[in-house]
Amino acid sequence: MTTLRRLGWFAATAIVVANMIGTGVFISTGYMVHALDAPRILLAWLVGGLLALCGAMIYGELGAMMPRVGGEYVYLKEALHPGVGFVSGWVSLVAGFSAPIGASALAFGNYLHGVIPVLPVRLTAVSLIAGLTLLHMFHVSLGSRFQTVLTVLKAMLILLFVAAGLLWGDGAWSHLHTSLSSASSSVLSGEFAVQLFWVSFAFSGWNAAGYIAGELKDPGRSLPRALLVGTATVTALYFALNLVFLYSAPAAQLSAIENQREVGFSAAMALFGPHAGRWISTLIAFALISTISAMIMAGPRVYAAMAEDRLFFKIMAKRHARGAPLPSVFFQGIIAVILVLVADIDQLVLYIGFTLNIFTSLTVVGAFVLRRKSPELPRPYRTWLWPLPPVLYLLFSTWLTLQGIRLHPVECLLYGGGTLGVGVVLYCIWSKVSNPTS
């Protein structure tokens with residue numbers, strides 16, 4: 001079925017911003033203060049933004065060259081091997097979208113439960129996923145307009161929180177000079193790398209527009225613009241937001257947030273008092289709706305593309321008359337609901353960061369391969385300063401991956417490696433059963 005190109009660059013930018021600003025930025029700093037002082041925490045957010053911008057430039061070139069829905073699945077299938085593309089699609093289903101949707105929905109439930117204790121966390125999370133899944137099952141244009149409005153409101157909320165916190169909040173710049181006794185890790189240490197997993201989790205989603213490239217108007221121009229503008233915007237918002245978090249209270253007080261997993265709520269309470277803090281916590285909870293909506297919209301495009309290539313169930317390629325890949329949206333929603341019912345937020349971060357980092361790195365390698373293997377392919381956009389961005393990305397991501405394996409082998413090798421292994425087995429089985437022609 002022909003994909004309808006309904007979305008403009010601003011809607012695509014909204015999807016990038018909404019995918020990125022989610023659970024990670026509202027929980028990470030409370031964990032990071034145990035290992036890093038304030039300057040190194042802020043440096044970590046800048047490093048994460050630089051890495052995401054490098055990746056966005058490369059994905060902009062690949063997406064403009066191959067404007068299909070599917071993201072990494074499409075790029076890796078063409079650059080390396082259909083099997084690599086299949087495993088990346090499998091990882092997108094489990095670690096790339098369903099798990100983050102579940103984690104963000106749980107964060108929404110936690111924030112809302114803190115304000116209205118009678119609301120059960122998991123039931124609230126399941127209800128949100130169900131409602132947004134139904135919306136995106138039936139109408140691409142309506143879903144994208146809803147998404148754009150939510151994203152603009154979320155960006156305005158963050159800017160308002162930053163401005164109010166610095167101008168009228170009860171914080172102090174001296175709080176940035178406080179640290180815990182262990183908060184002295186060098187920026188070249190393994191501990192700094194582990195903290196960057198929290199940052200990379202918060203930045204995940206910078207590649208979101210690539211998943212809907214086939215539904216964009218003039219993707220050769222709109223896709224790179226959406227990736228770069230969206231990623232740069234989020235980098236600035238993240239830095240400002242974390243500056244306010246660290247300004248709000250001493251490190252010892254922020255470290256207590258780990259048990260609550262609600263750094264935004266705790267910072268708001270410290271800055272504005274209990275009453276205002278509860279109101280801001282409510283607004284943060286509703287800001288997470290945009291993140292969940294964006295992931296519910298983007299993820300199914302991967303599974304639909306795999307089905308079109310006969311590497312997934314054929315029904316997953318079926319689209320509603322108004323353009324939405326209805327079965328894929330529904331399938332993803334079911335998996336996300338299951339994860340909400342059986343999992344928790346905390347252990348997912350290293351698993352998600354490690355697993356997704358492997359396939360973004362492979363995609364960057366694929367950009368080198370395609371430049372050499374297929375120089376004749378049209379490239380409406382070329383990565384600026386080539387090859388500096390991909391080289392920086394690969395060096396940094398390799399270091400990050402090795403440090404993660406060294407310090408957290410269970411999450412990285414057992415869970416992340418296990419997910420990859422299952423994907424390889426599934427591809428071997430599927431390729432024999434379906435005999436794909438791709």
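## A buried arginine and its partner

Arg379 counts as buried, at 11% relative accessibility. Buried means under 20% relative accessible area, exposed means over 50%, and partly exposed lies in between (1.4 Å probe, protein chains only). This is a predicted model: local features need pLDDT of at least 70, side-chain atom pairs count only at pLDDT 80 or more, and totals for chains, interfaces and linings use all residues. Residues are numbered from 1 along each chain as its sequence is written, and side-chain values use heavy atoms, without hydrogens or water.

What does Arg379 form with Glu61? The two form a salt bridge, with the closest N and O atoms 3.5 Å apart. A salt bridge is a side-chain nitrogen of Lys or Arg within 4 Å of a carboxyl oxygen of Asp or Glu. Arg379 lies in the loop between α15 and α16 and Glu61 in helix α3, so the pair ties together parts 318 residues apart in sequence. Helices are DSSP runs (H or I, at least four residues), numbered from the N terminus.

## The salt bridges

The structure holds 4 salt bridges. Glu61 also pairs with Arg371, and here the closest N and O atoms are 2.8 Å apart. This pair links distant parts of the chain: Glu61 is in helix α3 and Arg371 in helix α15, 310 residues apart. Glu61 is buried, with a relative accessible area of 1%.

Another salt bridge joins Glu78 and Lys77, with the closest N and O atoms 3.3 Å apart. Glu78 is partly exposed at 37% relative accessible area, whereas Lys77 is buried at 13%. Salt bridges that share partners join Glu61, Arg371 and Arg379 into one network.

## The cavities

A cavity is a set of points on a 1 Å grid, over the protein atoms alone, where a 1.4 Å probe fits but cannot get out. There are 3 cavities of 30 Å³ or more.

How many residues line the largest cavity? The lining has 39 residues, and Ser200, Phe203, Ser204, Gly205 and Leu356 lie nearest the centre. Lining residues have an atom within 4 Å of a point. Helix α5 gives the most to this lining, with 7 residues.

## A buried histidine

His136 lies in helix α6 (residues 121–138). His136 is buried, with a relative accessible area of 3%. The C-alpha atoms of His136 and Pro300 are separated by 9.9 Å, although these residues are 164 residues apart along the chain.

Notes: On a 1 Å grid over the protein atoms alone, a cavity is a set of points where a 1.4 Å probe fits but cannot get out, and a pocket is an open set with protein on both sides within 12 Å along at least five of seven lines; lining residues have an atom within 4 Å of a point. Grid points are joined across faces, edges and corners, and a volume is the space filled by probe spheres set on the points. Helices (H or I, at least four residues) and strands (E, at least two) are DSSP runs, numbered from the N terminus.
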